[in-house]
Number of protein chains: 4
Amino acid sequence: MAKIPVGVLGATGMVGQQYITLLDNHPWFDVKYVAASPRSAGKKYSEAVAGRWQLAKDYAANVGKITVEDANDVKCAIAAHKRKKCAFVFSALEMGKDETSALEEAYAAAGIPVISNASAHRWTPDVPVLIAEINPHHTDIIPFQRKAHGWDKGFIAVKPNCSIQSYMTPLHALVQAGYLIKKIIVTTMQAVSGAGYPGVPSLDIIDNIIPYIGVGEEEKSEKEPLKIFGSIINGVIQNAIMPKISATCNRVPVVDGHTACLSIAFGLKKPSVDEIKKVWQSFKGLPQEAKLPTAPQQPIIYREEENRPQPRKDRDADKAMAVVIGRLRPCNVLDVRFTALSHNTVRGAAGGGILNAELLKYKGYLG
Amino acid sequence: MAKIPVGVLGATGMVGQQYITLLDNHPWFDVKYVAASPRSAGKKYSEAVAGRWQLAKDYAANVGKITVEDANDVKCAIAAHKRKKCAFVFSALEMGKDETSALEEAYAAAGIPVISNASAHRWTPDVPVLIAEINPHHTDIIPFQRKAHGWDKGFIAVKPNCSIQSYMTPLHALVQAGYLIKKIIVTTMQAVSGAGYPGVPSLDIIDNIIPYIGVGEEEKSEKEPLKIFGSIINGVIQNAIMPKISATCNRVPVVDGHTACLSIAFGLKKPSVDEIKKVWQSFKGLPQEAKLPTAPQQPIIYREEENRPQPRKDRDADKAMAVVIGRLRPCNVLDVRFTALSHNTVRGAAGGGILNAELLKYKGYLG
Amino acid sequence: MAKIPVGVLGATGMVGQQYITLLDNHPWFDVKYVAASPRSAGKKYSEAVAGRWQLAKDYAANVGKITVEDANDVKCAIAAHKRKKCAFVFSALEMGKDETSALEEAYAAAGIPVISNASAHRWTPDVPVLIAEINPHHTDIIPFQRKAHGWDKGFIAVKPNCSIQSYMTPLHALVQAGYLIKKIIVTTMQAVSGAGYPGVPSLDIIDNIIPYIGVGEEEKSEKEPLKIFGSIINGVIQNAIMPKISATCNRVPVVDGHTACLSIAFGLKKPSVDEIKKVWQSFKGLPQEAKLPTAPQQPIIYREEENRPQPRKDRDADKAMAVVIGRLRPCNVLDVRFTALSHNTVRGAAGGGILNAELLKYKGYLG
Amino acid sequence: MAKIPVGVLGATGMVGQQYITLLDNHPWFDVKYVAASPRSAGKKYSEAVAGRWQLAKDYAANVGKITVEDANDVKCAIAAHKRKKCAFVFSALEMGKDETSALEEAYAAAGIPVISNASAHRWTPDVPVLIAEINPHHTDIIPFQRKAHGWDKGFIAVKPNCSIQSYMTPLHALVQAGYLIKKIIVTTMQAVSGAGYPGVPSLDIIDNIIPYIGVGEEEKSEKEPLKIFGSIINGVIQNAIMPKISATCNRVPVVDGHTACLSIAFGLKKPSVDEIKKVWQSFKGLPQEAKLPTAPQQPIIYREEENRPQPRKDRDADKAMAVVIGRLRPCNVLDVRFTALSHNTVRGAAGGGILNAELLKYKGYLG
């Protein structure tokens, strides 16, 4: 099977770099088109990222040679699309909400599907916010989305905020097993890579913690789960009405890996600690059943050691695509509490976006 | 007024070093006696801490010249007591619970009051766990304690665990203002100095978080507040029966300053965010009213900036003796949430111990 | 004696904040005028630094109320000068070289002396680069400078780069004691605060070192000492012709405090390790003799412990104005080697600037 | 070809853990025997490292099931040797010099070759200190060593200290190309993993640098190169007489990766910067020519970016087995200067030991 040529928008930023790295030797996709801000346009990718490359692994030599295009120039992408150089795009755009929103729609209107990490369209009712293990059925909204816009082949699908990645799959597994979740109090300790580059100034974070993450990190963490847990009704995604979530988001001096400490309250049916562990250890989602190439073998890893999960030791579990859980125990106020971790720029960003693309390909939405 | 000569047990450890530093030029107390493990005994204090001194400020030259005694050798302390070199001792002992417990009792039995940071006696029903702004009336247990043991002048008074220091005073201020607190969910991010020296290995904490603190940090954080909020009944301290507390304690790469994120639920009478701020800003305790030398002028400092409190910027507020609060806002699950911070080795350890000694002196228990 | 009203240019940046903090309660100077970029102009100082304040100590309440002026607006400063609100200015401007150069000259031309931290005028031959303990006699260039420009009261005096602060005084003490220094190989490990705010991105420095500091840090470190060691000849400062210096500058994950490891070669007269220590311990400069208020009592502190100096423990020595040295021992290639440390934003920036102003006041150049 | 069964002594320590991890799926060697201190003996390996596992990658499940033996019990190893479970051992022992020395000899005397990371035998004249790219011919000392001790199959071969790993191969490449090196001044910035576990206390290194590494790190760095560059004469390794080396070793808050800044002086024949780069880029050693499984493809990687090498980005280059160099430029005092980096626990410890074993197998010394 010939690989599908793909593009990356915002390819020089932090998440863009992760896309380039993770797509190296991907079995289905091949990066043939890279676009970024006008400042980078016209340069070779290698020149555009010189002195700004953030990752330990270098980019592939062939991507280094590609000339960066202006991400605002949709015509250029259309031409590449026709030349079979850009079947669809991953969007890691870092502009303002309105610009991103309009630009992603322009690509979709031009027949180029957009798999996005940006937050611009997360609250558009006919755009699915996908976590491949949780709501793969939300792809069913795409025909409605296309119809509403008069789009033929193009569409937009997005990822949620990286802050919720570590605990959404474990919560979903419990709900799926029949245990309703009514309330969540969560405190996160988030890595600096979540703020992009240059992102968090070192003067703010060495020997320090910032007890707040702008813009709207806590609100996103409280609302996005409700859409992911929602249902398609009348051509739009209707949000779930529970759980009630209270999120406090902190920035900590960790490079990669968001950690979250949760207390949760169940409905009337309350699982024991052992039942919860059993649910998590046996959970498989569609990516596992369909053996999608980027899917972790075991999406939820529970560690019994009392001092795990730890960002530096657990973020890379199963190609940095698994979530790692530990410290499950009763809560004195709600029902149970535990600590969850995921790699924010892989599972929580580019890796999650690639898995979404694999899901969409598997479902036939990428031709 | 001549200064009172005092001793420090465990003077070479992390908290012991803080005692030595904070007592330098103290208006009431003068360090004349230092004791530590047999390994240090017989050396000058300067030799005993050579290569192990942890603080930016050096110890006073005159303390450096004092010969370290063996903390296990109570007779030696008794002799010093008679020579007017050791009216009472600060205990920063780092031995096991049983040894510490027995040793502190031996000092007390010898007529030497013990103001302790150790956890050994925190659950002894007739030993007060003092936070000078909250429960200064718990010193009233001392006559009962003395009577029960047949002690004349000696007694034991202790401090709570440093993990709860940042939020106990703010909670007390609310209770005192008539707002009952029923439930607390708290997640802490604790500095490495809390584990003493050598304490946390650097390999465990650079670019990392440890989601657990042994031994029993969470249990201490859940139980000690109940004793502090308790009442003296029949010669013992009867624990309060609420709030219910659920604590999750994390170790983070911060040198000094424990941060805590809390969600709390009130009883029927619920203050608004503005009422809470007003209570905190106007709160004064006995240390403020009595103008005890180490007391912070304003024990609770509320900061309106959304990105405060931060350990590096706020831990030293008011000689590192104030607690600093921020981010007060409604909670979607309980009633309100906020973030609190205090300096764990000053307010949460040696500084708090010194303030307790000042309180006890003020109340007449130190002669 | 009434205090002299002073202004701070660039008052909202990292070094500007240090000036504001260090000038709080200064016995001679009183901040009455603050200026920064047009973005901050018109705001209260408290508003201009909200969310950007970097220091543990807060600014003085009265400075918080001052309205920030536009630093480019020299007329505004002239008006303040006439109103006795700005006798001279400290310049912590962070613009490009040419703009800074022109702007500082405009203030001087207007009769307002400029004590600068900026690098713009360091290579202007009639501008002194002052370290108060080393070359206080270089203030003698000021009459030549005034004459050359036709300035009456104004002048410009600058500080060297913070990277060389830790070892210049120790080297000078040796030269003054008769030991010529011919060669220096120095490797620095510099704190992130040296790059200002936002400065070094946290993604670049957590669990990492950057083996290079732009722009031109190594060149500055190699050349500026020659001007400081130079002589006034024919109305200009003639650079010294030695030592030859080879500098390698690294950025390390430390908040404050630049550390330098040096190997040096003497001329024919070579002191022993003991002689060097004696020279350092007994060294006093003009600031010490004149008892200038910001001068450290002992400008060079030698520590015998083999694991000192350390940034966190030694940067604050003597109000962060002393340099701390350790590890003096023979070098297998040149003559001796040692490690030196100073606080880069205090002694190496604002504190050094204030000491320069005190020197200039003492010498009669500030009226 | 059946794999060779191997043992690891000190298997539970930091370097031992790296051995276990790096030998997982090794094409030639198979871990069948693990030994550690008496405290761990008798436990499953998984139990012995529970809560102490330092690496992001977990150990192989089959090694987790092996029962740990007492490393002091040579008889136990002999029995395993006879059962074909331990053809030779990797020694990552962490005892004192004399104990390690005697124990390694006991294994060798029993016919079990010892490939060691310990420093105990580095100065034994008939024990080779191997860097496989530099002095593979030093294996020729083994017959002399065996003869001197009356050993038949056993022998001892060791690795140098990790601090010199990053620059020895680049220096050797230049010497081999005909450029004599006479003097070296080197300042290192070493990662905390170099001190093992628990190793460096976090209180010593967060927001700090330790300007000294005990015990004898600088002396090792100055002397070991002379043995590696030495010649076999009369059955012993005769040290080279140059270069003269002056080393200053610092500990920095980096997890893995030792960085070194060097200035070097050549003999009469001095290469240009371009010639040096050419030598480095084209250098291949015996491991590359023999295609040893753990050998890096390109042992010396030169990076042109002015801000490289960096520990976090470059330590893992070529399976963490390459050394990465940058910033080559003329030195104002000696001839040239540059910055070098290698992964201290892989290339500088366990990975280097495995490469040595591959070399010894290739040369026929491991049967």
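Me: In this predicted model, how many residues of chain B are in contact with chain A?
Reply: 36 residues of chain B are in contact with 36 residues of chain A.

Me: What makes a residue pair count as a contact here?
Reply: Their C-beta atoms, placed from the backbone, must lie within 7 Å. The 36 residues of chain B and 36 of chain A are in contact in that sense.

Me: Which elements of chain B supply at least two residues each to the side that touches chain A?
Reply: Strands S7 (181–190), S10 (244–251), S11 (258–266), S13 (323–330) and S14 (336–342) of chain B do, along with helix H12 (311–314) of chain B. S10(B) gives the most, with five residues.

Me: How do the residues on that side of chain B divide by class?
Reply: There are 16 nonpolar, twelve polar and eight charged residues on the side of chain B that touches chain A.

Me: Why are H7(A) and H10(A) called roughly perpendicular?
Reply: Helix H7 (residues 165–176) and helix H10 (residues 273–282) of chain A cross at roughly 110 degrees. The class runs from 65 to 115 degrees. H7(A) and H10(A) are therefore roughly perpendicular to each other. Their axes come within 9 Å.

Me: What makes the contact of H7(A) with H10(A) nonpolar?
Reply: Pro170(A), Ala173(A) and Leu174(A) in H7(A) meet Ile276(A), Val279(A) and Trp280(A) in H10(A). Ala, Val, Leu, Ile, Trp and Pro are among the types that count as nonpolar. The tally is six nonpolar, no polar and no charged.

Me: Why are H7(B) and H10(B) called roughly perpendicular?
Reply: In chain B, helix H7 (residues 165–176) and helix H10 (residues 273–282) cross at roughly 110 degrees, with axes that come within 9 Å. The range is 65 to 115 degrees. H7(B) and H10(B) are therefore roughly perpendicular.

Me: Which residues make that contact in chain B?
Reply: H7(B) brings Pro170(B), Ala173(B) and Leu174(B), and H10(B) brings Ile276(B), Val279(B) and Trp280(B). By class, they are six nonpolar, no polar and no charged.

How values were computed: Residues numbered from 1 in each chain as written. Chains lettered and ligands numbered in written order. Predicted model: local features only at pLDDT ≥ 70, side-chain atom pairs only at ≥ 80, totals over all residues. Axes fitted to C-alpha atoms, helices over the stretch in contact; angles between N-to-C directions. Helix = DSSP H or I, 4+ residues; strand = E, 2+ residues; numbered from the N terminus. Parallel < 35°, antiparallel > 145°, perpendicular 65-115°, else oblique. Contact = placed C-beta atoms within 7 Å.
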